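Here is a short briefing to read with the model open beside you. Take it topic by topic and look up each residue as you go.

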Amino acid sequence: MPKTSKTAVLVAGSWGTAIASVLADNGHQVALWSRNKDQVEEINSRHRNHRFLPNAILSERIRATDSMEEALQAADAVIIVAPSAAMRDVASQMQPFLSEQTTVVHATKGFEAGSLKRMTEVLSDELKGYDANRIVVLSGPSHAEEVIERRPTTVVVASIDKNEAEKAQDLLIAPYFRVYTNPDVVGVEVGGALKNIIALGAGLSDGLGFGDNAKAALLTRGLAEIARLGTAMGANPLTFSGLAGIGDLVVTCTSQHSRNWRAGSLLAQGLSLDEVLSRMGMVVEGVKTTQAAYRLASQYEIAMPITSELHHVLFDGKEPQLAVEDLMGRGRTHEIEDLAEPFQNGWADQE
Ligand SMILES: NC(=O)c1ccc[n+]([C@@H]2O[C@H](COP(=O)([O-])OP(=O)(O)OC[C@H]3O[C@@H](n4cnc5c(N)ncnc54)[C@H](O)[C@@H]3O)[C@@H](O)[C@H]2O)c1
Ligand SMILES: O=P(O)(O)OC[C@H](O)CO
């Protein structure tokens, strides 16, 4: 990657704008793509994106555009930060303008609702002619509201291709933004997606006043079920003790910046799911991810009791108090379980 690069960031929501700001701080030129002309105008003329990050003044190195062709022209790297529900649409729009030379990174946390595919799988479907093994995923504990204020943050980038992961690391690493690499694409994607379910549960639990012990239980046993499904899907279990696992789980379950935690706490006030989502006005990935994980758990025959109870609360009208009673009253079980086969998909042959 050249010392300063031409980069594209696709979609100017909270996280896309914060990532654009990290890239600009590193001296890169950033084309920030949005489908919304008013937002493009606001970013270019006032250097603001008031709807998503109201207090931030953006670098002049960030130029917004609503032209995908312009955004991707001669881009050394593109970072896609669309909500999971929009990933296929955005990827299909970028495909005609993507060069094989461009490093492709995504920073989205979720599964595709119908197909249950991970985001790199959706990208691989749509980016025909691009080597899917090169795609990089960026994840970890990172609220846009803190990154835009340059508060110390650590994240992880994973790719099957070590060289591409290191290019993404080079591009993004900054004094306040430390970037680690990992070969485990499945683990980093699954950890980042599933923690949002537990964060919804933590918001609900806090909102109902269940207390600190309950939240600690949710985090710990939540991590156990994340690791159980993730490992069955092919992840390295150790990834879940890293930034995309426990790291992201802690920040999302304990921060009032978290959209998922806030949605859970609004549910605890008695609002319906539709009312909560319209009040949030930003993407709350954990809702659709609960549906996806519920189906994946059944497909892989994995026990996910917290996900399952949350699914009943969100979609079947079950009272949260009853969900907690059912969780606490389950049959006795061991804490430590055997995990699947050891993870094989490392970078040993690329050292
Ligand atoms: N906000 C954060 O702090 C944060 C941090 C890490 C990861 N993420 C992840 O990043 C992803 C995006 O989250 P966000 O918080 O930036 O969302 P957001 O709600 O702040 O912004 C979403 C943006 O996507 C745009 N969009 C929606 N559908 C689109 C489509 N079909 N075509 C083009 N644009 C479309 C919206 O107009 C909006 O600008 C999510 O998967 C989230 O989990 C967010
Ligand atoms: O605000 P949330 O709950 O969508 O979480 C954002 C990030 O994933 C935190 O790392």
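Which of the 14 residues around ligand 2 come nearest? They are Ser142, Thr252, Ser258, Arg259 and Asn260, where a residue is near a molecule if its C-beta atom, placed from the backbone, lies within 6 Å of it.

Before going further, please note that this is a predicted model, in which local features need pLDDT of at least 70 and side-chain atom pairs count only at pLDDT 80 or more, while totals for chains, interfaces and linings use all residues. Residues are numbered from 1 along each chain as its sequence is written, and chains are lettered from A and ligands numbered from 1 in the order in which they are written.

- Two residues are in contact if their C-beta atoms, placed from the backbone, lie within 7 Å.
- Helices (H or I, at least four residues) and strands (E, at least two) are DSSP runs, numbered from the N terminus.

**Around ligand 2**

- Helix 8, helix 10 (243-254) and helix 11 (259-268) each supply at least two residues of the shell, and helix 10 gives the most, with three residues.
- The shell around ligand 2 has three nonpolar, seven polar and four charged residues.
- Domain 1 and domain 2 each provide at least three residues of the shell around ligand 2.

**Around ligand 1**

- Ligand 1 is surrounded by 26 residues, of which Gly13, Ser14, Trp15, Ala86 and Ala144 are the closest.
- Helix 1 (14-25) and helix 4 (87-94) each supply at least two residues of this shell, with helix 1 giving the most, three residues.
- The shell around ligand 1 has 13 nonpolar, nine polar and four charged residues.
- Both domains take part here too, as at least three residues of the shell around ligand 1 are drawn from each of domain 1 and domain 2.

**Annotated residues**

- An unreviewed UniProt entry places the feature "active site" at Lys195. UniProt positions are given in the numbering used here, feature names are shortened, and annotations may be inferred rather than shown by experiment.
- Lys195 is found in helix 8 (residues 185-207), and it counts as buried because it has 34 C-beta neighbours inside 10 Å. A residue is buried if 20 or more other C-beta atoms, placed from the backbone, lie within 10 Å of its own, exposed if 12 or fewer, and partly exposed in between.
- Leaving aside neighbours within four places in sequence, Lys195 is in contact with Ile226, Asp248, Leu249 and Thr252.
- The UniProt annotation "binding site", also from an unreviewed entry, covers Ala144 and Arg259. These two are spread over 116 residues of sequence but cluster in space, with a largest C-alpha distance of 11.1 Å.
- Ala144 sits in helix 6 and is buried, with 21 other C-beta atoms within 10 Å.
- Arg259 has its place in helix 11 and, with 21 C-beta neighbours inside 10 Å, counts as buried.
- Not counting residues up to four places away in sequence, Arg259 touches Met280, Met282, Val283 and Val284.

**The nonpolar core**

- The largest nonpolar core has 106 residues, and those that touch the most other members are Val9, Leu10, Ile19, Leu32, Val78, Val81 and Val136. Such a core is a set of buried Ala, Val, Leu, Ile, Met, Phe, Trp, Tyr and Cys residues joined through C-beta atoms within 7 Å.
- Helix 8 gives the most to this core, with twelve residues.
- Domain 1 and domain 2 both give residues to this core, so it lies between them.

Key
Ala, Val, Leu, Ile, Met, Phe, Trp, Tyr, Cys and Pro count as nonpolar, Asp, Glu, Lys and Arg as charged, and the others, Gly among them, as polar. Domain bounds come from an automatic or database domain assignment.
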